[in-house]
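The report below describes how secondary-structure elements are arranged within and between the chains of a model. Please read it alongside the sequence and coordinates.

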Amino acid sequence: MAVLLIAEHNNKELRPFTLNAVTAASQIDSDVHAIIIGQNSGDAAKALSELPLVKKVIHVEAAYYENFVAENFAPVIVKLADNYSHIICSANTFGKNLMPRIAAALDTSQISDIIKVISPDTFLRPIYAGNAFATVKSKDAKKCVTIRPTSFDPCESSGGSAPIEKAEPGEEFANTKFIKREEIKSDRPELGTARVVISGGRGMQSGDNFKLITSIADKLNAAIGASRAAVDAGYISNDHQVGQTGKVVVPDLYIAVGISGAIQHLAGMKESKIIVAINKDGEAPIFSVADYGLEADLFEALPQFLEELNKLNTIQK
Amino acid sequence: MKILVAVKRVIDYNVQVRVKEDNTGVVTDNVKMSTNPPDDNAIEEAVKIKEAGKANEVIAVSIGEEKAQETVRKALAVGADRGILVKAEGIIEPLAVSKLLQKIVEKEKPDLVFMGKQAIDDDCNQTGQMLSALLNWPQATFASKIEIKDGKLEVTREIDEGLETIEIATPAIVTCDLRLNEPRYASLPNIMKAKKKPIEQLNASDLGVDTSPRIEQIKVEEPPKRKAGIKVSSVAELVQKLKNEAKVI
């Protein structure tokens, strides 16, 4: 039986993690169908049909799908569920909000946030903020699975030509109304997908001091992250937070500045390929996960770091 | 208005969790247990709404072993009026929890159900959404701001792209983000007073819900360890290592 992947998009284009979710879906079964629910979302549906791993696209449109309200989306997917062994979506706020509503309607015990497909019914997932890994096997006939996007590579994005089938919209859920979305616009790479991330913690001492981080981020074309302590102290807005209650990032290079390394922060970044820690406390737990640790006062180290980077000819873009 | 708040007893967030040697789970013996952190935000918000005169009763409910009574008692000490403990042994998956909560909702008929967005033990992030599906109620997940307006709720949600605002009609489910509020500490007099507040005890089996697990936990392991790194002595050395050894800049 085929698997159904729920595409995440903004009505114009696919959101990048849809490609990672398609990869995960294809590891469960090669017969991947993808559903896209939205409004005026033809271009995004076309982009979905061009993913070589996708065999069929189901496109559903109505005005009340424009803003991705889970109460409207869930019944559409539940109605199609008979045809599929698995329903799959990314474990970001879109999928976290939507999938349990589908799973409960199907009387299925959902498996959240998997990092590996072991077999079509057995998966690896982190628990306790990544302090333990559980191997779990679903005994339900139908499986609802959300995947951690950063644990799967994005699939090829061009060359496919899957048929696009239109499906009927469901009814509108009257008791939930979308009002507005305030997206944080930035010229920088997105925190969740950036190749380099530089984060500041409580050691930054003020929001103003984050400009030391910004200048290095500019040089390295890096996204800017922060620990929960820095966010709670008001140094930086919470969309920069890396950790169990923020974003999970897996960049090639993660630079932690003035971050002690609380469990909840480590959960969000310790899968990064190379970790650098700059901290004046040599005993800080962040050093236990760092490939390169520099025990130094960040107010001296950061300007030097920028100076050294300026000496290099390679500017990462 | 009546608000039901679901609270879960979990390993305290400051405890370094250790995997059992036989790989059947994590060590819980002699480990400090606390209320799941965002559930504290859920209780705080409900109590604040009551203090503002917009609710007349706050009920705290927990599902779990006998000791989960302590979690309910803590909710009473910060302002909940009465408690319910649904006793159940072993792993109760979010689907079963939401079915048990559905039974409590049918009995208590609250206007709002609050809970944390996610439990920090199994990290599932499912129960609120599942309960709202079973009840066919609106759901406002990951709430960082709640305003009550003419019997409706305007809720700001934390989403990956930033913030989203939705309006939901009651009855409704709200799952709370850590940024919703600053949970208060229980004062000693309130802890004493809470001892006199009633906690109704029920058994999961009496509610007619099958709580047997649908997911088999095959094994629990330590995550792979990162290999030990090195300390560098200067910024210049760091940059050279990043360029020539790690080749990431």
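Predicted model: local features only at pLDDT ≥ 70, side-chain atom pairs only at ≥ 80, totals over all residues.

## A strand pair in chain B

In chain B, strand 7 (residues 139-149) and strand 8 (residues 152-159) pair in the antiparallel sense, and six bridges connect them.

## Contact between the chains

The contact between the chains takes 69 residues from chain A and 60 residues from chain B. On the side of chain A that touches chain B, the residues divide into 31 nonpolar, 20 polar and 18 charged.

A further strand pairing links the chains, in which strand 16 (residues 292-295) of chain A and strand 13 (residues 230-232) of chain B run parallel and are joined by three bridges. Within this pairing, the bridge partner of A:Gly293 is B:Lys231, in strand 13 of chain B.

## The parallel sheet of chain A

Chain A has an open sheet of seven strands in the order 5-9-4-1-2-3-10, with parallel pairing. Strand 5 (111-114) and strand 10 (164-166) of chain A stand at the edges, each with a single partner strand, so one side of each has no neighbour in the sheet. From one strand to the next the twist averages 25 degrees. Strand 4 (residues 84-90) and strand 9 (residues 143-147) of chain A pair in the parallel sense over five bridges, and A:Ser90 has A:Ile147 in strand 9 of chain A as its bridge partner.

Helix 1 (residues 17-28) of chain A packs on this sheet, where it touches strand 1 (2-6), strand 2 (32-38), strand 3 (54-61), strand 4 and strand 9 of chain A, its direction making about 150 degrees with that of strand 4 of chain A. Helix 3 of chain A lies across strand 1, strand 2, strand 3 and strand 4 of chain A, and runs at about 150 degrees to strand 2 of chain A.

## Helix packing in each chain

In chain A, helix 3 (residues 70-80) and helix 4 (residues 93-105) pack at an angle of about 45 degrees, with their axes 9 Å apart, so that helix 3 of chain A is oblique to helix 4 of chain A. Their crossing is right-handed. From helix 3 of chain A, the residues A:Ala70, A:Phe73, A:Ala74, A:Ile77 and A:Val78 meet A:Asn97, A:Leu98, A:Arg101, A:Ile102 and A:Ala105 in helix 4 of chain A. By class, this contact has eight nonpolar, one polar and one charged residues.

In chain B, helix 3 (residues 94-108) and helix 4 (residues 127-135) pack at an angle of about 50 degrees, with their axes 9 Å apart, and they are therefore oblique to each other. Helix 3 of chain B passes helix 4 of chain B in a right-handed crossing. The residues of helix 3 of chain B that meet helix 4 of chain B include B:Leu95, B:Leu101 and B:Val105, and their counterparts in helix 4 include B:Met130, B:Leu131 and B:Leu134. The residues of this contact divide into nine nonpolar, three polar and one charged.

## Domains of chain A

The domain assignment of chain A gives domain 1 (2-166) and domain 2 (196-311), whose C-alpha centres lie 32 Å apart. Five residues of domain 1 of chain A are in contact with seven residues of domain 2 of chain A, and those on the side of domain 1 divide into one nonpolar, three polar and one charged.

## Backbone details

Most residues other than glycine have a negative phi, and most peptide bonds are trans. The peptide bond from B:Thr170 to B:Pro171 is cis, with omega near 0 degrees, and B:Pro171 lies in the loop between strand 9 (162-169) and strand 10 of chain B. A:Asn11, a residue other than glycine, has a positive phi near 80 degrees, and is placed in the loop between strand 1 and helix 1 of chain A.

How values were computed:
Residues numbered from 1 in each chain as written. Chains lettered and ligands numbered in written order. Pairing = 2+ DSSP bridges. Helix = DSSP H or I, 4+ residues; strand = E, 2+ residues; numbered from the N terminus. Contact = placed C-beta atoms within 7 Å. Nonpolar A, V, L, I, M, F, W, Y, C, P; charged D, E, K, R; others polar. Axes fitted to C-alpha atoms, helices over the stretch in contact; angles between N-to-C directions. Parallel < 35°, antiparallel > 145°, perpendicular 65-115°, else oblique. Left-handed = near helix turned anticlockwise from the far one by under 90°. Domains from an automatic or database assignment.
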